[in-house]
Amino acid sequence: MTQPDAPGAEQRLKALFQVGSDQENRTYYDQWAGCYDADLTALSYPAPQQAARMLAGLVDWRDRPVLDAGCGTGLSGQALRNEGFQVMDGLDYSQGMLDQAANKGLYRHLALADLSQPQSLAQAPYAAIVTVGTLTYDFLGVELVDHLMPALEPDGTFVLCTNARAWGLRSVEDYLGTLVQQGQITGLVMRACEYLPAEHASGMMAAWRKC
Ligand SMILES: C[S@@+](CC[C@H](N)C(=O)[O-])C[C@H]1O[C@@H](n2cnc3c(N)ncnc32)[C@H](O)[C@@H]1O
């Protein structure tokens, strides 16, 4: 996986959606890591910047800690930095992706973590948590929100951005509506966004505050 050309990038993206298990998904990201940035750049991937901009529009600080959950190679961290955020930690379950993120020198801490499991994070609580592109059709669903909410400080802001298909398959809107009804979150906003326009994949974003 070394050719950062657009047709190759498209093939590698398609192959990602063919993986048959969560372990294969993780291995796939390990192997893709070296050309992930070049591929996503070739395809155009505005989702990280849109999520970072959404957070920037919701908070009046830039110097408090932000967790980038499922940070991958750090495209989402770079987007946060572009919006002025200074202190970022990253989590991912692919060591290959984390190694690429480490090379960027953007993150305060990086850690290997499986978001399908409850998290106990040494650097918590965070003023904000951002997760971009982490929900999968088959393996990782909205339980990641349950697993991360304890790491968010009260009144902290959570931003989730995913492709619209995963949003629908994972019933994100219903799930967040339930959290509002239960009084766990407030200030919920949801809107469509660009995700991978070259692949005709639209996205959805949501943001909320922890009660
Ligand atoms: C499409 S990439 C997005 C990476 C980065 N946020 C971005 O926008 O470029 C999805 C990332 O989620 C990670 N991921 C998928 N399932 C995960 C899980 N259960 N726990 C932790 N990370 C996971 C993958 O390893 C991969 O780095």
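**Helix packing, ligand shell and backbone exceptions**

Helices H1 and H2 cross in a left-handed sense. This is a predicted model. H1 covers residues 6-16 and H2 covers residues 22-43. Their axes lie 9 Å apart, at an angle of about 135 degrees.

Sorted by class, the contact of H1 with H2 holds eight nonpolar residues, three charged ones and no polar ones.

H2 also packs with H5, the helix of residues 95-104. Two packed helices are described by the angle between their axes and the distance between the axes. For H2 and H5 the angle is about 25 degrees and the distance is 7 Å. Angles under 35 degrees count as roughly parallel, and H2 and H5 are therefore roughly parallel to each other. On the H2 side the contact uses Tyr29, Asp30, Gln31, Ala33 and Tyr36, and on the H5 side Gln95, Gly96, Met97, Asp99 and Gln100. By class, the contact of H2 with H5 has four nonpolar, four polar and two charged residues.

Within H5, the buried residues are Gly96, Met97, Leu98, Gln100 and Ala101. What do the buried residues of H5 pack against? Their partners are H2, helix H4 (75-82), strand S2 (87-92) and strand S3 (109-112). After H5 comes Gly105, which has a positive phi near 65 degrees.

Strand S3 also contains Ala111. Ala111 has 16 C-beta neighbours inside 10 Å and so counts as partly exposed. In sequence, Ala111 is 32 residues from Ala79; in space, the two are 19 Å apart, C-alpha to C-alpha.

Next come the backbone exceptions. Most residues other than glycine have a negative phi, and most peptide bonds are trans. Ser44 has a positive phi, near 75 degrees, and is not a glycine. Ser44 sits in the loop between H2 and helix H3 (47-58). Is Ser44 buried or exposed? Ser44 is exposed, because 12 other C-beta atoms lie within 10 Å, and a residue with 12 or fewer counts as exposed.

Asp155 is also a non-glycine residue with a positive phi, here about 75 degrees. Asp155 belongs to strand S5, residues 152-163. Asp155 has 11 C-beta neighbours inside 10 Å and therefore counts as exposed.

The peptide bond between Ala124 and Pro125 is cis, with omega about 5 degrees. Pro125 is placed in the loop between S3 and strand S4 (126-132).

How many residues surround the ligand? There are 19, and the closest are Gly70, Gly72, Leu75, Tyr93 and Gly133. By class, the shell around the ligand consists of 10 nonpolar, seven polar and two charged residues.

Terms used. Residues numbered from 1 in each chain as written. Predicted model: local features only at pLDDT ≥ 70, side-chain atom pairs only at ≥ 80, totals over all residues. Near = placed C-beta within 6 Å. Nonpolar A, V, L, I, M, F, W, Y, C, P; charged D, E, K, R; others polar. Axes fitted to C-alpha atoms, helices over the stretch in contact; angles between N-to-C directions. Helix = DSSP H or I, 4+ residues; strand = E, 2+ residues; numbered from the N terminus. Left-handed = near helix turned anticlockwise from the far one by under 90°. Buried ≥ 20, exposed ≤ 12 C-beta atoms within 10 Å, placed from the backbone. Contact = placed C-beta atoms within 7 Å. Parallel < 35°, antiparallel > 145°, perpendicular 65-115°, else oblique.
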